[in-house]
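This report walks through selected strands, helices and contacts of the structure shown below. Keep the model open while reading.

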Amino acid sequence: MKLNRWLFGTIIGTQFAFASFAADDADLQALKKQIQELDQKVRILEREREIDGEAAATAAKIAPKISLGANGFSFGSADSNFVAQIHGVAQFDSRSFFNDGGVNGNDGFLLRRARPIISGTVFRDFDFNFTPDFGNTTVQIVDAYVNYRYRPELQLQVGKFKSPVGLEHLVADKDTLFNERSIATDLVPNRDLGVQLKGDLFDGAASYAVGVFNGGTDYNGTTVNNSFQDNKGFAGRVFFQPWKNSGLNALRGLGFGVGASYLANHPATNSSTGLTPGYTTDGQQKFFTYATGVNAGGTGWRVSPQAYYYYGPFGLLAEYVVSDQQVASKTKSADLQNRAWEVSGSWLLTGEDASYTGVTPSHSFDPRTGGWGAWQLVARIGELDVDDKAFVGGAFADPKKNASSATTWSVGLNWYLNKNIRANLSYSQTAFSSYAGTRFTAGSVPCQPESVLFSRVQLSF
Amino acid sequence: MKTFLNTLLILTLVATARAKEVKLLNVSYDPTRELYSEYNAAFTKHWKAKTGDDVNISQSHGGSGKQAQSVINGLEADVVTLALAYDIDAIAAQAKLLPADWQKRLPNNSTPYTSTIVFLVRKGNPKGIKDWDDIVKKGTSVVVANPKTSGGARWAYLAAYAYALEKNNHDDDAARNYIKQLYKNVPVLDSGARGSTVTFAQRGIGDVLLAWENEAHLALKEFGEDKFDIVTPSISVLAEPPVAIVDKTARRHGTTEVAKAYLDYLYSDEGQDIAGKNFYRPRSEKAAAKYAGQFATLKLVTIEREFGGWTKAQKTHFGDGGIFDRIFQP
């Protein structure tokens, strides 16, 4: 009986135990399956996150780029093949003449330049620039061109842009040392319409530009958008910076070259004499103009050897220009050779690097953080000498009202508050010489030296 | 003046000559990285021996559809080696960078090698997947890329569709229903075939990967034969990844000659051998015989016969509002 009870108990117990083990195993399997499913779900979520991240990174690569900063407003395609930029230059000047001896009306404030600049790139290799100017007294288009960059060494520019002759003239308008360019720039052509081949060779150690243009007169502040004539002008420039990429720090900033232009038989037209409207002083007064009825009467050429040197805060720029022009009046003709030169120097008191392409302050002006911008001392001397043949017998210019030569010196202080705002203060003195044996008429521009105090507040971006 | 101009001309010529360098960009689809790495090295050697010139070949890889779009958007490919003809057709039609009849310019419709779609399963095939029916079963997780962006995924989709049509006496509704069931089992869509391989093999997601045959073999080689098995279904597609010169770009780069030679060499003994070595089915009899052992025999349908060509297949299945858009809800 006891044995039976024991056997019965054992059998029942075993049954229960088996049932219990079976139930545990099923639970375990179910649990395992659940864990596997959860594991898969977690993995899928993680992978989805990963894929979303990859997609976001890819989207970022193709998303258009928009930037707004000290270099202006820019927006473009992700691959930079299409870029549009908005820049601008606005210059608010004052000129105060001292001892102007009866020549009144020159003092005042003026909006010297007010230029919205739209530039950019299309189809990767085609750059464009469109710059109107609403400043001064004439609204005009100063630049309008397309430049095809086949390679850095080979570019083709078409439209209206600066003629590649004068070194100082090629400095960007926002980066000139003084309010006005020097007297030497009076002899180089301004912006012109044409086609130009240009390029940088050997990583910028040499550059060239050569083009066919309508053929500009000596510097003319107001440029036109057409010139219908059969004869065209040629202009070109080569410039070398042999040590630009070398380890010789003291010579890296040395550049030298020569610019030149040639115009064959520029005819006078009804609307143009083919000659400069006048050579101007720093104060923008005309100290030499050709007499009425005098026209360009043949070939004209210019040569301008030029150089600059920048080392640390120090900068020096010098150029010499010869402008040879055949002129004719109703009765006479002559070959006139006018010459000019200038040397300008600059020193950044705050230690920034001087350069041909402007100054970037190390510390922008912000009195709260002790930033005072960059301060630069500038000085310049220059001379323009008109060929004496222009005055013989008053054939081409009235010697009593026009100077035979002008010598000018200037000093100034420039304050770059930041990359976009700049203030200038400078003083210029110009002395004039008359043609031998002649005295200037009272009230004429050259009858006394010109002394001018300039100031400028400039916004550029 | 004359001296000046002469000097200028010489300087320009010197600068241009100095910069002469033969560079080639091959824009390809996702799983061809290894193939073209090996092929580029071989071609570079061949070209140097033949011409004395060095050629520097760059590769770009991604989903075939995305790659084609990149070329259309301006990626400067000298040659394209994409997953399917439709993507190169799109470049010809939208960007006009090569003629519409580009496929006639090289042998075998400009496809120097072929491939197909197979299943890659986890070692031991725990879900017992043998054919297309098995991957639509409830609880089976299928990994495949997005057919809207991936060429391989389009081949896989059409292989599955071809199976469903055959099984259901070409009943299109039944085939669509099959495809719908299939994509219900897809937990995550990568943009390219290589991405879906990563999902399956490296991230451990899913029970089966619908893979290019070469990609499946590469996974075995890369991750170990103890990790995965290849299952060959009863039917699949004859995938023909084509190659073409992007004429206008190559002409602009001055690379037409080398680009043509680059593609021609794919048909050479060495090119075909490299294709076979990388698990692509070579076109040449010699290489095909050499590598026959590594490819299973199965029934392969063509897009032309089964779906009326790529243009029609693309519009019907993968175009906006096409069948895939209608059956797949993410």
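Strand 3 (residues 79-81) of chain B pairs with strand 11 of chain B in the antiparallel sense, over 3 bridges. Within that pairing, Thr81(B) stands opposite Val243(B) of strand 11 of chain B. The model is a predicted one.

**The four-stranded sheet of chain B**

Helix 2 (residues 33-51) of chain B lies across strand 1 (22-29) and strand 2 of chain B. Helix 2 runs at about 165° to strand 2 of chain B. Helix 3 of chain B packs on the sheet as well, touching strand 1, strand 2 and strand 3 of chain B. The direction of helix 3 makes about 140° with that of strand 1 of chain B.

What is the strand order of the open sheet formed by 4 strands of chain B? The order is 2-1-3-11, and the pairing is mixed. Strand 2 (55-62) and strand 11 (243-245) of chain B are the edge strands, each pairing on one side only. On average, neighbouring strands of this sheet are turned by 20° against each other, direction ignored.

**Helix 3 against helix 4**

Helix 3 also has a helical partner. Helix 3 (residues 64-72) and helix 4 (residues 85-95) of chain B pack at an angle of about 20°. Their axes are 9 Å apart. The two helices of chain B are therefore roughly parallel to each other, as angles under 35 degrees count as roughly parallel. Helix 3 of chain B passes helix 4 of chain B in a right-handed crossing.

From helix 3 of chain B, the contact uses Ser64(B), Gly65(B), Ala68(B), Val71(B) and Ile72(B). They meet Asp87(B), Ile88(B), Ala90(B), Ile91(B), Gln94(B) and Ala95(B) in helix 4 of chain B. By type, the residues of this contact between helix 3 and helix 4 of chain B divide into 7 nonpolar, 3 polar and 1 charged.

**The five-stranded sheet of chain B**

Another open sheet of chain B has 5 strands in the order 7-6-8-5-9, with mixed pairing. Strand 7 (189-190) and strand 9 (228-231) of chain B stand at the edges. Each has a single partner strand, so one side of each is left without a neighbour in the sheet.

Ala145(B) has Asp190(B), in strand 7 of chain B, as its bridge partner.

Helix 8 (residues 193-202) of chain B lies across strand 5 (117-122), strand 6, strand 7 and strand 8 (208-212) of chain B. Its angle to strand 6 of chain B is about 155°. Helix 9 (residues 213-223) of chain B packs on the sheet too, touching strand 5, strand 8 and strand 9 of chain B. The direction of helix 9 makes about 115° with that of strand 8 of chain B.

| Helix (chain B) | Strand (chain B) | Angle |
|---|---|---|
| Helix 2 | Strand 2 | about 165° |
| Helix 3 | Strand 1 | about 140° |
| Helix 8 | Strand 6 | about 155° |
| Helix 9 | Strand 8 | about 115° |

**Chain B as a whole**

Chain B holds 16 helices and 13 strands. Of its 330 residues, 47% count as buried. Among contacts in chain B with a separation of 6 or more, residues 24 or more positions apart account for 72%.

**Chain A**

The secondary structure of chain A comes to 2 helices and 20 strands. Buried residues make up 34% of its 461 residues. Of the contacts in chain A between residues at least 6 apart in sequence, 62% join residues at least 24 apart.

Strand 1 and strand 2 (residues 72-76) of chain A pair in the antiparallel sense over 5 bridges. They form a hairpin with 2 residues between them. Ile66(A) stands opposite Phe75(A) in strand 2 of chain A. Is strand 1 (residues 65-69) of chain A buried or in the open? Of its 5 residues, the number buried is 0, so strand 1 of chain A lies largely in the open.

Gly259(A) is found in strand 11 (residues 254-263) of chain A. Gly259(A) counts as buried, with 26 C-beta neighbours inside 10 Å. Beyond its neighbours within four places in sequence, Gly259(A) is in contact with Pro164(A), Val165(A), Gly166(A), Arg237(A), Ser304(A) and Gln306(A). Pro164(A) is 95 residues away along the chain, yet the C-alpha atoms of Gly259(A) and Pro164(A) are separated by 6.7 Å.

Notes:
Residues numbered from 1 in each chain as written. Chains lettered and ligands numbered in written order. Predicted model: local features only at pLDDT ≥ 70, side-chain atom pairs only at ≥ 80, totals over all residues. Pairing = 2+ DSSP bridges. Contact = placed C-beta atoms within 7 Å. Axes fitted to C-alpha atoms, helices over the stretch in contact; angles between N-to-C directions. Parallel < 35°, antiparallel > 145°, perpendicular 65-115°, else oblique. Left-handed = near helix turned anticlockwise from the far one by under 90°. Nonpolar A, V, L, I, M, F, W, Y, C, P; charged D, E, K, R; others polar. Buried ≥ 20, exposed ≤ 12 C-beta atoms within 10 Å, placed from the backbone.
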